[in-house]
Amino acid sequence: MTAAPAISVRGLCKSFGALVVAQAIDLDLMPGARVALIGPNGAGKTTFVNLLTGFLRPDLGTIEMQGENIERLAPEDRVRRGLARTHQINTLLLENTVRENVAIAVAEREGFAWRALRFARQWRACLDEAQAQLEQMDIGAAAERPVAGLPYGQQRLLEIAIALSLKPRVLLLDEPAAGVPAHEAHVIHEALNRLPDSIAILIIEHDMDIVFRFAQEIVVLVQGRVLTRGVPAAISADPQVRAVYLGKTVV
Amino acid sequence: MPLKSIARPLALAGHALPWLIVIGYFFTADYYLSFGTEIMIWILFAMSLDLALGYAGILTLGHAAFFGVGAYAAGLFAIHVSPDPLLGHLAAIALAALLGLMTGAMILHTTGVTLLMLTLAIVSVISQYANQANDLTGGDNGLQGIKLAPIFGRFEFNLFGQTAYVYTAIVLFIWFLIAWRIVHSPFGRSLGGIRQNPRRMRAIGTPVWWRLLAIYTISAAMAGSAGALSADATSFVGLSVLDLLSSGIAAVMLILGGVRRIYGAFVGATIYFVVQDYTAKISPFFWEFVVGGMLMATVLFLEGGLMDLGNVARRAVERWRGGADDA
């Protein structure tokens, strides 16, 4: 028995009426884990992320972090316990600069975001930390630009930078490369490789190139149910997986 | 280059300008002084709406509720409790804030048209109550017999309105400093984030509902303060302080002056009243035609309201300089 899981999911269920979108899903993420969640469209991948992060409430099942059950907590309370996510579609603050987008998250993490008095020093510190985070993601040069005019690939990197600035224990990446043109995909890939080792990461991605290079373990979801799981080599060889999913896109 | 070197003095002059006008007006207005007091009260009311509607994106047309409750609270306090205007003012602020807190807690989990309807419903309910509660509010006749003691026992509210003017200016200045501080703080920035994308803010750990409730309460306190000033300045509170339309007028002022500019409320309320004063002399119908035209022109050509004129001018100068450099 080594360390405890960073997050532990047991028997997670969710239905919308007769439509079952999550069916008894179990998942453990150890600190430093790199797990990919794949499955055909409509398999319930994003639903699963929304269940984990609290944007949806599960009908049944538990989610545990640091020995605490979090499945009934609001999204913002889960974030404060170290669970961060990126969004499939950018949800950046378009009117703010790139740096402000990160600084606002840092302020929130540090509990400065209630401050309306004597905040100058703290806010400066938030901006400085934001700048460092951006440089780590190789978009430091764009710090002063409004997000609205930023190239799409860099917006995706900013999504990740914001999530990282929350110093999460568990990071959920919902299609980090979605919509990024092929010639820019390597930038996302390199950024993923540089993510801190200590964070447990669950990635949802359609780009099998990224999935097989990044993940140590792959979980295959079909119709809200875990079809199978295993190391990448085993998954790509699994005839069942090839039938429902991989066969259509890879090799 | 010279453009940059004069930027800072220019900005300082810009900040000083509204207050120089406030001071200058005091010495030159004569019988028109109460007109200036009224404008400042509306500036404060529009500024309170800007915090909630402009900065935090809380879709409300019910701010008249807080203005009205503040006005009635100040008037009733003077009649029944104490004639001290400062105590009455604090009571009005507290009551408006409490109302903001209570109604905000009930409605701020909703958004969009639902929220808009709820804010309208709240102001309608309160307005009807004030209309029915004859014994308390005087109903249709309004609240009469407000007699205020001199401020600090020295400055009496007189017929010419000097005390009311200075008092209103000082209160406006204090609220202006508070609003300025709020919108530039991390708290204010998080509100801007909530307005743009509440989901994003929840994903970074923002307690969205609490933060909206906080600014709604502050904004209500500010609107209540404006209401109290109006009660003090006129020694009268009528049902019109709870008029549904006044929230709309404040919104029109913000759009004219510029939403999310702080000074937008100053420019918008002033233009509104000055133009009204001039055109209403010609014809009351003409006035509505003019304000409608101004509103359309602003929305079509100046996205950021009249406060945007500066930016438009700067861009024009830069374009002209850029053109000169190319040549």
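Two residues are in contact if their C-beta atoms, placed from the backbone, lie within 7 Å. By that criterion, B:Leu44 touches B:Leu172, B:Trp175, B:Met222, B:Ser225, B:Ala226 and B:Leu229, leaving aside residues up to four places away in sequence.

This is a predicted model: local features need pLDDT of at least 70, side-chain atom pairs count only at pLDDT 80 or more, and totals for chains, interfaces and linings use all residues. Residues are numbered from 1 along each chain as its sequence is written, while chains are lettered from A and ligands numbered from 1 in the order in which they are written.

B:Leu44 is also among the residues with the most contacts inside the largest nonpolar core, together with B:Ile43, B:Ala46 and B:Ala96. That core has 170 residues. Such a core is a set of buried Ala, Val, Leu, Ile, Met, Phe, Trp, Tyr and Cys residues joined through C-beta atoms within 7 Å; buried means 20 or more other C-beta atoms within 10 Å of a residue's own.

Chain A carries an open antiparallel sheet of four strands, in the order β2-β1-β4-β5. Strands pair if DSSP finds at least two bridges between them. Strands are DSSP runs of E, at least two residues; helices are runs of H or I, at least four. β1(A) and β4(A) pair over four bridges. A:Arg10 has A:Thr62 in β4(A) as its bridge partner.

| Strand | Residues |
|---|---|
| β1(A) | 7–16 |
| β4(A) | 60–65 |

At the interface, 25 residues of chain A are in contact with 19 residues of chain B. α3(A) gives the largest share of chain A's side, five residues.

Note on methods. Buried ≥ 20, exposed ≤ 12 C-beta atoms within 10 Å, placed from the backbone.
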